[in-house]
Amino acid sequence: MTVPLALDRIGIPKSLSWGFLGVLIFMIGDGVESGFLSPYLLHEGISKERVALLFTVYGVTASISAWFSGALSDLWGPRRVMTLGLGIWAALQVAFLGLAVPTHHYWLLLTSYGLRGFGYPLFAYGFLVWVTAVTPRHRLGSAVGWFWFAFTGGLPTLGSLLASFTVPWVGTYRTLWFALALVVAGGLITLLLVREPTGRNRLAPTGERPVATLLGSLSIVWRSPRIGVGAVVRTINTAAQFGFLVFLPVFFTDTLGFSLTEWLRLLSAMFATNIFFNLLFGLVGDRLGWQRTVAWFGGVGCAVTTLLLYYGTVAAGDDFPLAMVLVSLFGATLAGYVPLSALMPSLAPEHKGQAMSALNLGAGASTFVGPAVVALFLGPLGVQGVMWIFAGLYLASAGMTLFLTLPEHSAAAGASLVRAPDRAEKV
């Protein structure tokens, strides 16, 4: 079996194959810092409040960039957007490490690191738009599954794992420079070795003005209510994930009695499981239907595993093997939302970049919604109440997918597939 044929059979478009490798390496570099940057800055004398503000600004710029990635891909083409993202990340990392960190100048830290948040979404999500633009519909679920495999495989999984070896070996500061080298290597692999022509050109319809293209990436939420609903579903998808990172470390260590090392291993197991199920649910979505997969495995599945995670660990206490199973189940069902990345651009085939902007905006919003739920309800309702709120949100997202029906002409285009076309259209 030839390599191109093998790639096609597992769902990787051969014309973009180098891009998946490049995104993986880029995101490994981006994820290297995820497990130690905050304590490193605290050790350097930066106050907790200023470190928190630093990461807040980073989150805001990353969310804005996630939205712009689709809009600019419509306007300029994904390849140019990815080039911009790589340039921003590399230039501001040099400023962060070369000027801000050595001088401990807070405004330099805030500007260089905060604005670096624009970098990775332009690169990674720009490639996701490229994937959705060129992949045949019957392979699209598998292709986006491979994208999320590369994305989450790097951030935070392999990035954090790599840092666990390099920090003791060369130190924290040099590890951050090594992260820059990885990001540049991943970016160059993608930009130099992917020759597919679609990504070099604008995706918006010929004659559409730039301002209309940019504004359309926002107005599509109410011009096409299904896109707006899909963005809300995407927000719910990872809201609990970001909320969990706020309170589960304390819950597992102080309440349940796990050590910090055990908690970190449980967290790694959650994301490692998620990586491989990203691939599985991409394939399942292409066969069972994108809506069905998101609704049942994603929405209903996450609701069940969220409650199992709470009640199972409370009943068993510091039972590490059981906790490993429960966090892995949550990580697996979290991947049930993967086909949403195939479904959303198919809801607006004439404006795929705008649809992906709405999807990415939902992804960015989840970084705020999850912690906000915790901040508002953890005090009055406790951990149990917050877990029920997240479970309820997941069930609500399952119901919302009923509205994500594909346009008739898109459904007709799928009639030649092996499965019946309505299997991808109805829950």
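**Figure 1. Aromatic pairs around Phe252.** The structure holds 30 aromatic pairs. In such a pair, the rings of Phe, Tyr or Trp (its six-membered ring) have their centres within 6.5 Å; planes under 30 degrees apart count as stacked, over 60 as edge-to-face and the rest as tilted. One of the pairs joins Phe251 and Phe252, which are edge-to-face, with 5.9 Å from centre to centre and 85 degrees between the planes. Phe252 also pairs with Trp263: the ring centres lie 5.0 Å apart and the planes stand at 40 degrees, so this pair is tilted. The pair links distant parts of the chain, since Phe252 belongs to helix 11 (residues 225–255) and Trp263, eleven residues apart from Phe252, to helix 12 (residues 260–288). Helices here are DSSP runs (H or I, at least four residues), numbered from the N terminus. Phe251 and Phe252 are buried, and Trp263 is buried as well. Buried means under 20% relative accessible area, exposed over 50%, and partly exposed in between (1.4 Å probe, protein chains only).

The model is predicted: local features need pLDDT of at least 70 and side-chain atom pairs count only at pLDDT 80 or more, whereas totals for chains, interfaces and linings use all residues. Residues are numbered from 1 along each chain as its sequence is written, and side-chain values use heavy atoms, with hydrogens and water left out.

**Figure 2. A cluster of aromatic rings.** Phe244, Phe247, Phe330, Tyr337, Phe390 and Tyr394 are linked into a cluster by ring pairs. Leu404 is placed in the loop between helix 16 (352–400) and helix 17 (408–413). Leu404 is buried, with a relative accessible area of 0%.

Figure 3. Helix 6 (residues 106–116) has Tyr106, Leu109, Leu110, Ser112, Tyr113, Gly114 and Arg116 as buried residues. These buried residues pack against helix 2, helix 3 (37–43), helix 4 (48–76), helix 5 (78–103) and helix 7 (119–134). Contact means heavy atoms within 4.5 Å. Over the face of Tyr106 lies Arg50, at 4.5 Å from the ring centre. A charge sits over a ring if NZ of Lys or CZ of Arg is within 6 Å of the ring centre and within 35 degrees of the ring normal.

**Figure 4. A nonpolar patch on the surface.** Trp18, Leu21, Leu188, Leu192 and Leu193 form this patch, with about 460 Å² of accessible area together. Nonpolar side chains (Val, Leu, Ile, Met, Phe, Trp, Tyr) are joined within 5 Å, from residues with over 30% relative accessible area and no salt bridge. A salt bridge is a side-chain nitrogen of Lys or Arg within 4 Å of a carboxyl oxygen of Asp or Glu. Helix 2 (17–31) and helix 9 (172–193) each supply at least two residues, and helix 9 gives the most, with three. Leu193, in helix 9, is partly exposed, with a relative accessible area of 38%.

**Figure 5. Thr206 and Asn274.** Thr206 lies in the loop between helix 9 and helix 10 (210–223), and Thr206 is exposed, with a relative accessible area of 84%. Asn274, in helix 12, is buried, with a relative accessible area of 7%. Asn274 touches Thr152, Gly331, Leu334 and Ala335, not counting residues up to four places away in sequence.

Note on methods
Patch = residues over 30% accessible without salt bridge, like charges linked within 9 Å, V, L, I, M, F, W, Y side chains within 5 Å. Areas by Shrake-Rupley, 256 points an atom, 1.4 Å probe, with all protein chains shown as cover.
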